[in-house]
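Work through the exercises below with the sequence and the coordinates open. Each task is followed by a solution in steps.

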Amino acid sequence: MLFCCRYALKMGDSRKITVTVKKTTDLKIGAKDKCGVSVYDVLFSNVHCFDLGEVTFKNNYTAFLSMKVKLRDGNNKDSSWQTCIRNYQLMPNPHCETGSQDYFTITRKHMLFEPDRVSAVRLVLQQPSPVWNQFTVDDVCLIPHNIKEEASVSSVTTWLLEHQETTESKLTRANRQGGPPVDEITAGLQHLWALTERMKGEQTNTSLGRYDVDGSYEINLLSYT
């Protein structure tokens, strides 16, 4: 299981949070029998706490996921474990493979409360089906609140500003070298779009009848397919 966290001190400034993942605990009934529940504990070593925004991961045959968190108060004391996500369904049918290896993103709107000042995370994985011997989640990322969107907007804006002058110089150079004017290119594209819309409007639902002759199929034609 791979865990990674991203944290930003300011817009566009991103860094990873170092995390420690405890060994998986399989809850058992008796000495040998597994009951289909595994527990992962995640601790942070280089930050005290952060506001959790969303969780992303790749499923690996886990049917249900719950997440518990510890919150740190103003006196730097951690609370007891609180259930933030309860029995989030990853596989519609635990006995079938649908959803078993899909990617998931769980945001704050799926959580029972807003997890601010999170100091520890615990994932509880459930697989009630005896069909799968092992189950887990991979590539888990914990993303702080309001960081992902701000960083992406900043990066796009920076990229546009950096490439604006280069793009303008390329267009000027193309015009000097005898390339087609921009207005002519635009007019051609508009004409092509108009032709495409016209073809869409003239489409018919009638079958083309590739292999049928007068309502019947020609066996010689079918034999070559």
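**Exercise 1.** In which helix is leucine 192 found? Then identify the nonpolar surface patch that includes this residue.

Solution. The model is a predicted one. Step one: leucine 192 belongs to helix α2, which covers residues 182–201. Step two: on the surface, Leu192 forms a nonpolar patch with Ile185 and Leu189. Step three: together these residues have about 290 Å² of accessible area.

**Exercise 2.** Describe the cover of strand β6 and find the strands bridged to it.

Solution. Step one: β6 spans residues 52–60 and is mostly covered, with eight of its nine residues buried. The cut-off for buried is under 20% relative accessible area. Step two: β6 is joined to strand β11 (residues 136–144) by seven bridges, and the two run antiparallel. Valine 55 has leucine 142 of β11 as its bridge partner. Step three: strand β9 (residues 103–107) is also antiparallel to β6, with five bridges between them. Here lysine 58 is partnered by tyrosine 103 of β9.

**Exercise 3.** Which strands pair with β7, and over how many bridges?

Solution. Step one: β7 (residues 64–71) pairs with β8 in the antiparallel sense over five bridges. In this pairing, the bridge partner of lysine 68 is threonine 83 of β8. Step two: β7 also pairs with strand β10 (residues 118–126), again in the antiparallel sense, over eight bridges. Serine 66 is the residue opposite valine 124 of β10.

**Exercise 4.** Where in the chain is confidence lowest, and where is it highest?

Solution. Step one: the chain has a mean pLDDT of 75, and 60% of its residues reach 70 or more. Step two: the lowest confidence falls in strand β1 (residues 3–10), at a mean of 46, and the highest in strand β8 (residues 82–89), at 95. Step three: residues 6–15 have pLDDT below 50, and this stretch has 23 contacts in the model beyond near neighbours in sequence. Step four: residues 148–152 stay under 50 as well, with four contacts beyond four places in sequence.

**Exercise 5.** Summarise the chain: how many helices and strands does it have, and what share of its residues counts as buried?

Solution. Step one: there are three helices and 13 strands. Step two: the chain has 225 residues, of which 30% count as buried. Step four: take the contacts between residues at least 6 apart in sequence; 70% of them join residues at least 24 apart.

How values were computed:
Residues numbered from 1 in each chain as written. Predicted model: local features only at pLDDT ≥ 70, side-chain atom pairs only at ≥ 80, totals over all residues. Heavy atoms only, no water. Patch = residues over 30% accessible without salt bridge, like charges linked within 9 Å, V, L, I, M, F, W, Y side chains within 5 Å. Areas by Shrake-Rupley, 256 points an atom, 1.4 Å probe, with all protein chains shown as cover. Salt bridge = Lys/Arg side-chain N within 4 Å of Asp/Glu carboxyl O. Helix = DSSP H or I, 4+ residues; strand = E, 2+ residues; numbered from the N terminus. Buried < 20%, exposed > 50% of the residue type's maximum accessible area, 1.4 Å probe, protein only. Pairing = 2+ DSSP bridges. pLDDT = per-residue confidence, 0-100. Contact = heavy atoms within 4.5 Å.
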